[in-house]
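Take a look at the model below.

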Amino acid sequence: MITEKTSPETSRVSARKIQKIAILGSGVMGSRIACHFANIGVEVLLLDIVPRELNAKEQAQGLSLEHPAVRNRLVNEALMSAVKGKPAPLYEQSFASRIKTGNFEDDFEKIADCDWVMEVVVERLDIKQLVFEKVEKYRKPGSIITSNTSGIPIHMMSEGRSEDFRHNFAGTHFFNPPRYLRLLEVIPGPDTDPALLDFLMYYGDLFLGKKTVLCKDTPAFIANRVGVYAMSRVFQLVDEIGLTIEEVDKLTGPATGKPKTGTFRLSDLVGLDTTVKVLEGIRQNCPQDESRASFEAPSYVKGLIEKGWFGDKTQQGFYKKTKDEKGNRVILSLDLNTLEYRPAIKVDLPSLKATKNLSDLGKRLNVFFEADDKGGQFVRRSALGLFAYASNRIPEIADALYQIDDAVCAGFGWDKGPFETWDLIGLKKTLDQFEGEGLKIADWVTEMLDAGHESFYKIENGKKFYYDTASKSYQAIPGTESLILLDNFRENKTVWHNSDASVIDIGDGVLNVEFHSKMNTLGEGCIRAIHEGIDYAEKHGYQGVVIANEGTNFSVGANLMLMAMMAMQQDWDELANAVHQFQQTAMRIRLSSVPVVMAPHAMCLGGGCEFSMHADKIVAAAESYIGLVEVGVGLIPGGGGTKEFALRASDIYSENGTVGNAVLQDFLMNIATAKVSTSAEEARAMHVIRPQDQIVLNMEHRIKEAKEAVLALAADGYTPPVERKDIKVLGRNTLSTFYAGIAGMQYGRYASEHDAKISRKIAWVLCGGDLTGEDNRVSEQYLLDIEREAFLSLLGEQKTMQRIQHMLQTGKPLRN
């Protein structure tokens, strides 16, 4: 179960409960929104239209249009397609049972049992109005009604409806895919009850895990209005500067704090026809927009539309996937001048090279701004256009600048929004550059500067404030007052640090150990920080320690490069010491005299998973992808992970009063196949996350909840655990069974010889070796010793070294 505490200030809005929701429309968005509500335990009624004709299969079965299977065919097929799709819309497949399906003709009256009715039908005002007329007939008074429209004016949809309907009606715009993209735009109608808006903002944040942004009822709302302008600016500059699509996608990707899809790859994913529709919608519906002309699609985009090359949905757009004469997959790129496909061109821009080794986004952006090459020109000119455009949208589409930043970052996956980015580059530094681009920034920006305010945001006492244009002063960002954001503490509250990690005082007697190595790999620097953090807490009377960070991923595991170097130099003693230190760090987390809580998010692999499994408690983001992946490089988990699964199997035997191979076999398969959970809920099913651990929907609440968990453990009179010496292992008989199964897999060519060897090593540790007693009890240290021995024996294998080198070079596992 996903849990999160509510604070006193949420008591008013939390009085309304959502136990059942009706989703009207089962298309791509409707079915996936239904899945996300099922993720959080809400009962869902998913409805769609009745088919007007039989398909071939139904005709062959002799069914009629009145048969229930036919009448619900569209909704059932849509839901099945969503559940089977990737990325997975459900945290666990079993959650699909929370969704009941039906159709608009037979089941519409069932919405009377629902607390919330959400319309997700086709983007046509006339059809939506017909749906709402029917909703009015069957809904219960006081129930919420919302539309997932991406741009139809909210006030037009509620025209002619009753007072109760209008008071309880708003827009709730999810982004696709709704489980993964964090933005939820909440748009009021002219008569929407303010209390309903408060509830939707609260519910979306706490229960759905979204960045909720209150928007005005303006065309395309906030994220699409600003994000699509940014895309149109890119389209415009490509011709002017003379860039290739490969160059643009590199310059609008991670190098400038944006997703790796870049601009043109993203357009192919979304669909160029959809992109042009949004561009044209804004151009037509925003006659007063000073940049209205920018939303005109360029000639090369119109050319693709004429050819019917819309992107992934038509197998070709700006990129085309094909195969060469040998049958190998090849991706061709579009030449924007000729509209013909050609082999991809390697990007070679001096500005990109100059920023390659800079991890700090602000430093990278400033290098681009100073560069004179095409890359520098492009980044500079596109950013200036975005800054000016965003400044002029206040107060048209939003009253507060943080709303624009939040919407764009959560909706499009940007690291920083327009105003945050402007701060990184320097507001005063850019002032004299707008006029040369024919751009005009909003008057409130110059007024802010004239008043002595030189940034849009500032941090004071661990809290982030934004410049409020109405009061002309800095105000706390609503909803963030209780959050713990490490960016707000790092400068003044760091008590220890090295190049890979920091120990930060986050208040109330709690320390936070933060990793900031490359990809948060766990090398000597991170391991030392864990020891330093726990030591500092113990010596200085702190309540406990949180281990968490705000990086893209929690940790991708141990530093493979360091291990590979020691193995190639055959420095076996040093390697043994390194593995022993890793294991002892896991045990230090477990046996600390103060509570230690881990707060993983996103990828938590290998050593990150092992350390988490040793904490007093895990407070995981729902979007956590956790697993022991060492098999991918020819090793077994050697930082206590294999030992820990043996221990957990023993506890399951004790709880269930049984001794069997099934539990241990599941653990063996998970480790041997390097299984990674697709969510924190699946990690719970894998026994990585325990029943007493906590899952938090909104990643931003994770560190706050982890801190509260530390304080709760301390307040309850925390007593550190002692090393376990009562772990029941199954020994030789079960080991023989596993060995026979592994041999069968190898014989059937489902596993290579080296895979089989690795699997036998895993089985050896899980079974506690080949002990022959009937009731074998061993200690954690015994299991750590045989785990370490197995790990080191594999590290000396040539095929393991080949796998490690391949992983370092390609980022992909090698099967040999």
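Lys20 counts as buried, because its relative accessibility is 15%. Here buried means under 20% relative accessible area, exposed means over 50%, and partly exposed lies in between, with a 1.4 Å probe and protein chains only. Lys20 sits in strand E1, residues 20-24. Helices (H or I, at least four residues) and strands (E, at least two) are DSSP runs, numbered from the N terminus. What is Lys20 in contact with, leaving aside its neighbours within four places in sequence? The partners are Val42, Glu43, Leu45, Asp113, Cys114, Asp115 and Trp116. Contact means heavy atoms within 4.5 Å.

A word on the ground rules. This is a predicted model, in which local features need pLDDT of at least 70, side-chain atom pairs count only at pLDDT 80 or more, and totals for chains, interfaces and linings use all residues. Residues are numbered from 1 along each chain as its sequence is written, and side-chain values use heavy atoms, with hydrogens and water left out.

Now step back. The protein chain has 33 helices and 25 strands. Its C-alpha trace spans about 80 × 70 × 65 Å along the principal axes. With 816 residues, a compact globule would have a radius of gyration near 28 Å, and the protein chain agrees, at 28 Å. That radius is taken over C-alpha atoms, and the globule rule is 2.2 Å times the number of residues to the power 0.38. Of the 816 residues, 54% count as buried. Look also at contacts with a separation of 6 or more: residues 24 or more positions apart account for 70% of them.

Next, the helices. Two packed helices are described by the angle between their axes and the distance between the axes. The axes are lines fitted to C-alpha atoms, for helices over the stretch in contact, and angles run from 0 to 180 degrees between N-to-C directions. Take helix H17 (residues 401-412) and helix H18 (residues 418-425). Their axes come within 7 Å and cross at roughly 100°. H17 and H18 are therefore roughly perpendicular to each other. Angles of 65 to 115 degrees count as roughly perpendicular, under 35 as roughly parallel, over 145 as roughly antiparallel, and the rest as oblique. On the H17 side, Leu401, Ile404, Asp405, Val408 and Cys409 meet Pro418, Phe419 and Glu420 of H18. The residues of this contact divide into six nonpolar, no polar and two charged. Ala, Val, Leu, Ile, Met, Phe, Trp, Tyr, Cys and Pro count as nonpolar, Asp, Glu, Lys and Arg as charged, and the others, Gly among them, as polar.

Helix H31 (residues 753-766) and helix H33 (residues 798-810) pack at about 100°, with axes 10 Å apart. His754, Asp755 and Ile758 of H31 make the contact with Lys799, Thr800 and Arg803 of H33. By class, one residue is nonpolar, two are polar and three are charged.

Finish in the loops. Leu339 is not a glycine, yet has a positive phi of about 55°. Leu339 lies between strand E10 (329-335) and strand E11 (340-343). Asp508 is not a glycine either, and its phi is positive at about 60°. Its loop joins strand E16 (501-505) and strand E17 (510-515). Which of these is buried or exposed? Leu339 counts as buried, at 14% relative accessibility, whereas Asp508 counts as exposed, at 56%.
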